[in-house]
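Visitor: Hello! Could you walk me through this structure step by step?

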Amino acid sequence: MPTTRNSKRHTSIPNGLSDEEVHSSESEDEINKVRHVLSKNILTNKNSSSSEEDDAEETKQAGSPLKKTKRMNWKKKDFVLPSADFTETLPPPPNEEFEPINYFYSMFGKESMLLLTDQSNLYSVQMNPNKPLCISQHEMEHFIVILIMTGVYSFPTPRFFWMNTTRVESIASVMSRDRFLQIKRNLHVVDNSNQLFINDPNFDRAHKVRPLLNIVKENFRKIPKEENLSADEQIIPFKGRSIMKQHMPLKPNRWGYKMFVLAGGESGICYDFIFYTAEALLKSAPLPPPVKPGRSSLKLSTVENSASVPQRVAPSPLPPRSVRPSQVNTDFIRRDSLKYHNYERFPFQTGTWSFRYFQYGKWHGPYRMTLTFDSYLGEITGQGTDDVGDFTTDGIFSSKNLRLALTQSYLEGTGNPNENLGHKSIIQLTWNSDEDQFKGKWYVRTYKYNGDGGGKATNQLFSPYGFFVDDDQTIIIADHQNARIIQWKIGDTNQQVVAGGNGDGNRLDQLYCPTDVLFDKKTDSLIICDLGNRRVVRWSRRSGATQGEILIDNIDCWGLFLDHQRYLYISDVGKDEVRRYKIGDKKGTLVAGGNGNGDGLNQLNSPTYIFVDQEQSVYVSDRKNERVMKWNKDAKQGIIVAGSQGEGDALTQLLTPEGLFVDTLGTIYVADHGNHRVMRWPKGAKQGTVIVGRNDEGKGTN
């Protein structure tokens, strides 16, 4: 084993530093500073010392390659302290010292506060003339300061700043919580009535904030520029949904709004920027110019979804018939697109609208509401008042088929206390060019109403979905809107809650909008599609069970089926597929769909209920494709066994099919939900026969 020798290096130590102080320097940078000062006094010795040669020899013996380096010897010499006296003249001091608020206004501009104040007040009056915002410029300044401060704290919602346990005095003492939220709801930069349509050559995706961006940009441009500049892309972090959101994987913040920034190469100060909005996707049909101001407002007429009914004792504005729309708002809007628009003027105009509705055998109204149409996103917002109370409105519309669908949310505590229970109404309307108004139906969905609607008593259901019948004729029902599973034995007058029933929620003792249920005899438990919580849960039927257990989570489950081999089949409306699971398995095997949303033979579009025969062939109600599909075991694509002739009520057609059963002969029984009927479809048949219904929606025995 070779011996080692200690190599000695001579170092010149400046006056005032001991040898220990040099070797105990906190960082290599301090030693480098000493070497830099003494660099002029360094004498280079070309001959390496004998100790260095020994070190090199030892390195070679160890098998490491010898790296040639230039070695230096240091000699001690007195250190001469360089002169640090400043001989130049200092610039004159500024006339006044800037406070942080001055720096803020030098960028943001006081004119921006005036803009926000004026436009927010205007928007509040447009939405509800009876409740103006009445905000001053001084109060707007306080609001902006609170917004900035809320970005410093990590609270889930702004309400925490005013709670007793988490109160932030510097915020809560400046403005009340309700006032802050009111200003936030009405905060605007532009007049919505002047917005352009998407097909306009001057349309701007960022038109909602463009005036504010221009003010900030002009203030940035006033800053004197330095010699070295840098131009680069920058991401403003944003996690919400926006068509302008960009993804740049190499940036520190990968998702957000993109800016092209001109900044100082040394200071990093922004001198100019361009807000990137991407290329507009002009997919909508050409639209006529908007109506000139001053023309009469358009009208809406909403008709109750039932025949005339006699006056009933309040509280009960609920129609006595089905309270559930035949299709959700998005499906209603997409249906029956028109090739040509038959109207003299474009009906979707921002402004004040008059409306009325039919209930209790008479028309109510007219009343007024303000509506704002976003022609790019196809969305509607608004508010108004009727004989029930104050309400806010949001919804969607389509210029292709001239339809709009609204969700009307009443503000509890306003209007008629007997009828306003803080409920929601769904309004689905179609443009009637002959009468120059929208007409359609309205629906109410809440168990709070009395009468013939849904309820939450033990002898009532509210929007029941899937159900299961046991061998002893016990019926187990997914009581969708009551967030529970009900068990009903023949002859009993009251049901038994066997799962959930503790309100909507995601606790293990709660359910949220269950859609299907089945019974597993082997474990004496229920398996439930807990759609609202995106999970499949198992709930024991044994006495003492107070909560369920999660079998599979992160799944938009709708339908369930357990075959004779105890394989569990689940339809996923989010991924448009059906998977087969062993109990306890989290991944499963794909058996149908899984190739994205579409109408191809290897695709599904919102699969709901399923049935599996003895050969493990899977039948699926392909809801939005208006058909029933059969996927044989291990098949890569399915076979159409019912429907697929477009939506309609002919015997060859289906409309949003849901419940499904297949008998031993291969005959298919399907609940044709949108057509209010049940159809029987023999194996191989090109059309079905109606066995229940056939007379449109109604309360009659037929």
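Guide: Gladly, and one term comes before anything else: buried means under 20% relative accessible area, exposed over 50%, and partly exposed in between, using a 1.4 Å probe and protein chains only. This is a predicted model, where local features need pLDDT of at least 70, side-chain atom pairs count only at pLDDT 80 or more, and totals for chains, interfaces and linings use all residues. Residues are numbered from 1 along each chain as its sequence is written, and side-chain values use heavy atoms, leaving out hydrogens and water.

Visitor: Is Phe391 buried or exposed?

Guide: Phe391 has a relative accessibility of 1%. Buried means under 20%, so Phe391 counts as buried.

Visitor: What kind of pair do the rings of Phe355 and Phe391 form?

Guide: Rings of Phe, Tyr and Trp (its six-membered ring) pair if their centres lie within 6.5 Å; planes under 30 degrees apart count as stacked, over 60 as edge-to-face and the rest as tilted. Here the centres are 6.0 Å apart and the planes stand at 80°. The pair of Phe355 and Phe391 is therefore edge-to-face.

Visitor: How many residues apart in sequence are the parts that Phe355 and Phe391 tie together?

Guide: Strands are DSSP runs (E, at least two residues), numbered from the N terminus. Phe355 lies in strand β6 (residues 351-359) and Phe391 in strand β9 (residues 390-398). The parts tied together are therefore 36 residues apart.

Visitor: Is Phe355 buried or exposed?

Guide: The relative accessible area of Phe355 is 6%. With that value, Phe355 is buried.

Methods
Helices (H or I, at least four residues) and strands (E, at least two) are DSSP runs, numbered from the N terminus.
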